[in-house]
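Let's take a friendly tour of a protein model. Have a look at it first, then read on.

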Amino acid sequence: MIKMMLLAGCGGFVGTALRFLTGKLCAHIHLGSFPLGTFVVNVVGSLLIGILFGLAENRGVLSPAASAVLVTGFCGGFTTFSTFADDIFLLLQKGQWWMFVGYLFLSLALGVLLVWAGRSMVR
């Protein structure tokens, strides 16, 4: 149990560091109010977790240790529901209704679509 927790923690560190860098890069290239950094990490993470779960289910190539590092750790650290929820709150608070609707719809629709695409890629 301790070993798996440490593996997940190591994967989480890498995912979190990459999320931080992605957010900084997106803030540097996009100055608008659309939360591009959070959007990018969540949709890319959706594709990645679809691929990983597809590999685990269809090919049995993901060991419990690899799942702890990659799925729980890396993907858990890389993606961020709490920041997504805060972004949604801030868009509502600022009265940016169309940005709110677009961000919410695009995030959910692309997230689900990319999980499906990732799973489909490894069939």
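Here is a short report on the fold, the pocket, a charged pair and a surface patch.

## Before we start

This is a predicted model, where local features need pLDDT of at least 70, side-chain atom pairs count only at pLDDT 80 or more, and totals for chains, interfaces and linings use all residues. Residues are numbered from 1 along each chain as its sequence is written, and side-chain values use heavy atoms, with hydrogens and water left out.

## The overall fold

Helices (H or I, at least four residues) and strands (E, at least two) are DSSP runs, numbered from the N terminus.

Along the principal axes, the C-alpha atoms fill a box of roughly 45 × 30 × 25 Å. Of the 123 residues in the chain, 33% are buried; that means under 20% relative accessible area, while exposed is over 50% and partly exposed is in between (1.4 Å probe, protein chains only).

## The largest pocket

The largest pocket holds about 220 Å³ of space. A pocket is an open set of points on a 1 Å grid over the protein atoms alone, where a 1.4 Å probe fits, with protein on both sides within 12 Å along at least five of seven lines; lining residues have an atom within 4 Å of a point. The volume is the space filled by probe spheres set on the points, which are joined across faces, edges and corners.

Who lines it? Helices α2 (36-59), α4 (81-93) and α5 (97-121) each supply at least two residues, and α5 gives the most, with 5. Among the lining residues are N42, F81, F84 and V115. The lining splits into 6 nonpolar, 6 polar and no charged residues. Here Ala, Val, Leu, Ile, Met, Phe, Trp, Tyr, Cys and Pro count as nonpolar, Asp, Glu, Lys and Arg as charged, and the others, Gly among them, as polar.

## One salt bridge

Side chains of opposite charge can pair when their charged atoms come close. The count here is 1 salt bridge (a side-chain nitrogen of Lys or Arg within 4 Å of a carboxyl oxygen of Asp or Glu). E57 and R119 make it, at 2.6 Å from N to O. The pair links distant parts of the chain, as E57 is in helix α2 and R119 in helix α5, 62 residues apart.

I2, M5 and L6 form a nonpolar surface patch of about 330 Å² accessible area together (Shrake-Rupley method, 1.4 Å probe, only the protein chains shown as cover). Patch residues have over 30% relative accessible area and no salt bridge, with like charges joined within 9 Å and nonpolar side chains (Val, Leu, Ile, Met, Phe, Trp, Tyr) within 5 Å.
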